[in-house]
Amino acid sequence: MDKRVIFAVAGSGKTSHIIDGLNERSRTLIITYTENNFKNLKRRISTKFGYIPSGIKVYTYFTFIYSFCFKPILGNTVKVKGINWDIPPQFTLRLKRDDERFYIDTNERLYHNRIAKMFEQYKVVDEILSRVEKYFESVCIDEVQDFAGHDFNFLLQMANTNVSQLLVGDFYQHTFDTSRDGPINKALHDNYHKYKQRFIQAGYMVDTGTLSHSYRCSVNTCDFVTNNIGIDIFSHREDATNVEYINCKERAKELFNCPDTVKLFYQASYKYKGFTENWGATKGEDHYEDVCVVLNPNTVNKYTKGKLSELPPQTKNKLYVACTRAKRSLYLVPERLLGEYKQ
């Protein structure tokens with residue numbers, strides 16, 4: 001059985017790689033984290049076949065663990081009324097792990113970040129894996145970099161399923177976590193090498209070559225990201241595009257007022273009128289041409305010192321996401337030049 005995790009770069013065709021492996025007779029389980037990618041996957045499958053074949057099932061992660069795993073296996077013995085998306089109260093961390101209150105709140109809802117741990121505690125992981133084997137011949141998991149906490153441990157347990165497995169993700173596009181719970185896998189994304197080793201130890205083959213080149217980003221954008229942000233990315237393209245730092249207020253105003261150029265902010269983009277979004281919120285989006293990345297004061301400071309690679313990991317990852325949305329020109333603009341547009 002082929003069990004591999006492909007570490008990709010932005011714009012390398014992660015979704016296409018998954019879709020290309022499907023046919024009308026496929027019995028494939030596809031799991032992703034975000035609602036946006038869930039909709040995108042279903043749309044792409046429908047476009048390929050004209051419909052979604054009955055053997056191909058697409059789930060968001062929490063729909064999968066609740067509807068496919070929890071309900072049919074534990075639902076008759078553990079009565080709950082849905083999922084609680086809040087962080088559990090601090091006192092629950094002092095409870096024994098066989099105490100039901102560790103997993104279920106006073107309104108009989110499952111704590112979202114402990115459902116995967118519950119499977120382990122109630123010794124039903126093997127039953128879940130058998131259920132996957134019963135209905136599917138292959139499993140694809142997209143956005144694998146966003147799995148964290150107990151969910152990451154459950155992901156690695158999936159390696160024991162006797163079906164083909166393809167996990168795809170971009171380590172440096174880790175901007176959200178499926179869940180967190182105290183110290184569980186708290187340092188998971190601190191070191192790329194150690195992160196890859198966790199998959200190898202679980203029995204996956206790690207592939208860093210198949211999706212190492214971007215179709216979306218030009219050589220110029222890739223070189224900027226590699227040389228300045230410190231994240232290796234290569235391009236399939238040969239055409240030249242513009243990467244420019246803007247330090248002229250009039251030019252910055254011109255870019256801000258251009259309706260075709262998206263303006264990406266570190267946070268609080270809603271405070272600026274027009275075509276704006278936050279850096280991290282654009283992950284998975286592929287419809288931008290020219291991109292204006294607005295740099296907050298700390299990022300400007302790092303840029304001028306040639307130290308963007310020293311940004312905090314979450315900030316660096318979000319900047320990487322923002323810059324790699326550009327299919328054409330990439331502009332970097334200090335936020336101070338756009339102060340008059342702030343509401």
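Modeller: Arginine 44 is partly exposed, because its relative accessible area is 27%. The scale works like this: buried means under 20% relative accessible area, exposed means over 50%, and partly exposed is in between, using a 1.4 Å probe and protein chains only. This is a predicted model, so local features need pLDDT of at least 70 and side-chain atom pairs pLDDT 80 or more, while totals for chains, interfaces and linings use all residues. Residues are numbered from 1 along each chain as its sequence is written, and side-chain values use heavy atoms, with hydrogens and water left out.

Arginine 44 sits in helix H2, residues 35-49. Helices (H or I, at least four residues) and strands (E, at least two) are DSSP runs, numbered from the N terminus. What does arginine 44 touch, leaving aside neighbours within four places in sequence? Its contacts are Thr15, Ser16 and Ile19. A contact means heavy atoms within 4.5 Å. With serine 16, the link is a polar contact between the two side chains, at 2.5 Å. Polar contact means a pair of N or O atoms within 3.5 Å; within protein, one must be able to donate a hydrogen and the other to accept it, and residues adjacent in sequence count only if both atoms are side-chain atoms. Leucine 156 is another matter: its C-alpha atom is 27 Å from that of arginine 44, and 112 residues separate the two along the chain.

Now take another arginine. Arginine 216 is buried, with a relative accessible area of 10%. Its place is the loop between strand S9 (213-214) and helix H8 (219-229).

Arginine 237 is buried, at 18% relative accessible area. Its side chain makes a polar contact with the side chain of aspartate 239, at 2.7 Å. It also reaches the backbone oxygen of lysine 327, at 2.9 Å. Beyond four places in sequence, the contacts of arginine 237 include Tyr215, Arg216, Cys217 and Lys327.

Threonine 175 is buried too, at 4% relative accessibility. It is found in the loop between strand S7 (164-169) and helix H7 (192-202). Look for glutamine 314: it is 139 residues away along the chain, yet the two C-alpha atoms are separated by 6.1 Å. Among the contacts of threonine 175 are Asp146, Gly280, Gln314 and Val321.

Next, a helix. Which residues of H5 (125-135) are buried? They are Val125, Ile128, Leu129 and Val132. Seen down the helix axis, these buried residues fall within an arc of 100°, so they line one face of H5. The arc is that of the directions from the helix axis to the C-beta atoms. An α-helix has 3.6 residues a turn, so residues three or four places apart point the same way. The face of H5 turned away from the buried side carries the exposed residues Asp126 and Lys134. The buried residues pack against strand S2 (28-32), helix H3 (61-74), helix H4 (115-121), strand S6 (138-141) and helix H6 (149-157).

Lysine 123 is in the loop between H4 and H5. It counts as exposed, at 74% relative accessibility. Its phi is positive, about 55°, although it is not a glycine. Most residues other than glycine have a negative phi. Glutamate 108 also has a positive phi, near 65°. Its loop runs between strand S4 (83-84) and strand S5 (110-111). Glutamate 108 is partly exposed, with a relative accessible area of 37%.

Finally, step back. The protein has 11 helices and 15 strands. Its radius of gyration is 22 Å, close to the 20 Å that the globule rule gives for 343 residues, so the protein is as compact as a globular protein of that length. That radius is taken over C-alpha atoms, and the rule is 2.2 Å times the number of residues to the power 0.38. Of the 343 residues, 53% count as buried.
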